[in-house]
Amino acid sequence: MNGLKIRWIGQSGYILYDGKTEICIDPYLSNVVDRIAGRGRMIEAPLLPEELKSDVVVCTHNHLDHVDIDAIPLMDKKNMLFLAPTDAKEQLAECGVTKYEPFDEGKAFKTGDFELKAVFADHSVPAVGVIVKHSGITMYFSGDTEYNKKLEDLKEYNIDIMFICINGKLGNMNVDDAVKLTKIINPKVAIPTHYGMFESNTENPENYTSGLKCGFIMEHNKEYTVSEVINSV
Ligand SMILES: [Zn+2]
């Protein structure tokens with residue numbers, strides 16, 4: 001695992017860093033959902049958009065908590081490559097993104113020791129989940145998705161750690177569906193995500209982990225090594 005580190009920055013946002021390359025998935029760092037939809041943050045953003053130093057930012061779909069249209073314009077994007085479904089391309093361009101590659105289902109991407117792949121998701125707009133492979137470890141980030149039989153095929157990836165939405169609203173699976181899918185995929189560690197950001201759209205993560213031997217609740221804005229996450233259950 002070579003010191004690979006991971007930090008949850010809220011909602012579906014994660015930063016992965018191995019000392020050379022940094023990947024960020026779905027950073028939500030502004031309060032744009034409050035500005036546009038009247039839903040304020042429950043927790044402060046752990047960093048300013050200007051402070052994000054990732055080489056690659058993955059946006060799993062074009063919703064405000066995944067394509068943050070107030071934060072992206074402020075990011076230092078000179079050396080930042082954005083990966084997102086084609087559906088989000090125009091929105092990202094309007095945010096000043098100049099380095100973009102389409103990341104639709106089936107697309108693969110390599111940078112440093114990271115291998116990324118866009119996988120199926122069933123959401124209200126075109127969306128993907130993300131498989132991240134690094135030094136023999138396979139992680140799956142569900143993005144936003146309803147339960148769908150096609151997700152069961154992900155077990156073929158032999159996932160070590162999965163991060164799965166549990167909030168049960170607005171096009172996302174609920175705790176029961178998330179537990180069902182987790183048991184089928186059978187990862188070493190299963191981490192609930194996409195909760196604790198909006199009062200009207202959250203869930204108690206223990207409702208998910210209590211039904212699973214492999215369940216683990218990550219603390220917000222705490223840096224973990226991936227090996228300690230794997231050894232946590
Ligand atoms: Zn979302």
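Which residues does methionine 162 touch, not counting residues up to four places away in sequence? They are Tyr140, Thr182, Ile185, Pro187, Ala190 and Ile191. Touching, or contact, means that the C-beta atoms of two residues, placed from the backbone, lie within 7 Å.

This is a predicted model: local features need pLDDT of at least 70, side-chain atom pairs count only at pLDDT 80 or more, and totals for chains, interfaces and linings use all residues. Residues are numbered from 1 along each chain as its sequence is written. Helices (H or I, at least four residues) and strands (E, at least two) are DSSP runs, numbered from the N terminus.

**The seven-stranded sheet**

- Seven strands make an open sheet with mixed pairing, in the order E6-E5-E4-E3-E2-E1-E13. Two strands pair if DSSP finds at least two bridges between them.
- Its edge strands are E6 (100-102) and E13 (223-225), and each pairs on one side only.
- Neighbouring strands here are turned by 20° against each other on average, direction ignored. Axes are lines fitted to C-alpha atoms, for helices over the stretch in contact, and angles run from 0 to 180 degrees between N-to-C directions.
- Strand E2 (residues 13-17) pairs with strand E3 (residues 22-25) in the antiparallel sense, over four bridges. Tyrosine 17 stands opposite glutamate 22 in E3.

**The six-stranded sheet**

- Another open sheet has six strands, ordered E7-E8-E9-E10-E11-E12, again with mixed pairing.
- At its edges are strand E7 (108-111) and E12, each of which pairs on one side only.
- Strands E9 (residues 128-134) and E10 (residues 137-141) run antiparallel and are joined by five bridges. Lysine 133 has threonine 138 in E10 as its bridge partner.
- E9 and E10 form a hairpin with two residues between them. Serine 135, in the turn, has a positive phi of about 45°.
- E10 pairs with E11 in the parallel sense, over three bridges. Tyrosine 140 has methionine 162 in E11 as its bridge partner.

**Helix H3 on the strands**

- H3 lies across E11 and E12 and runs at about 160° to E11.
- Helix H3 (residues 175-185) has these buried residues: Val175, Ala178, Val179, Leu181, Thr182 and Ile185. They lie on the same side of H3, because they cover an arc of only 165° around the axis. The arc is that of the directions from the helix axis to the C-beta atoms.
- A residue is buried if 20 or more other C-beta atoms lie within 10 Å of its own, exposed if 12 or fewer, and partly exposed in between.
- An α-helix has 3.6 residues a turn, so residues three or four places apart point the same way.
- The cover over the buried residues of H3 includes strand E11 (161-165), strand E12 (189-193) and helix H4 (206-209).
- Just after H3, asparagine 186 takes a positive phi of about 55°.

**Isoleucine 166**

- Isoleucine 166 sits in the loop between E11 and H3. It counts as buried because it has 26 C-beta neighbours inside 10 Å.
- Leaving aside neighbours within four places in sequence, its contacts include Val175, Ala178, Pro192 and Tyr208.
- Isoleucine 166 and proline 192 are 26 residues apart along the chain, and their C-alpha atoms are separated by 6.3 Å.

**The nonpolar core**

- The largest nonpolar core has 67 residues. Tyr14, Val58 and Met162 touch the most other members.
- Such a core is a set of buried Ala, Val, Leu, Ile, Met, Phe, Trp, Tyr and Cys residues joined through C-beta atoms within 7 Å.
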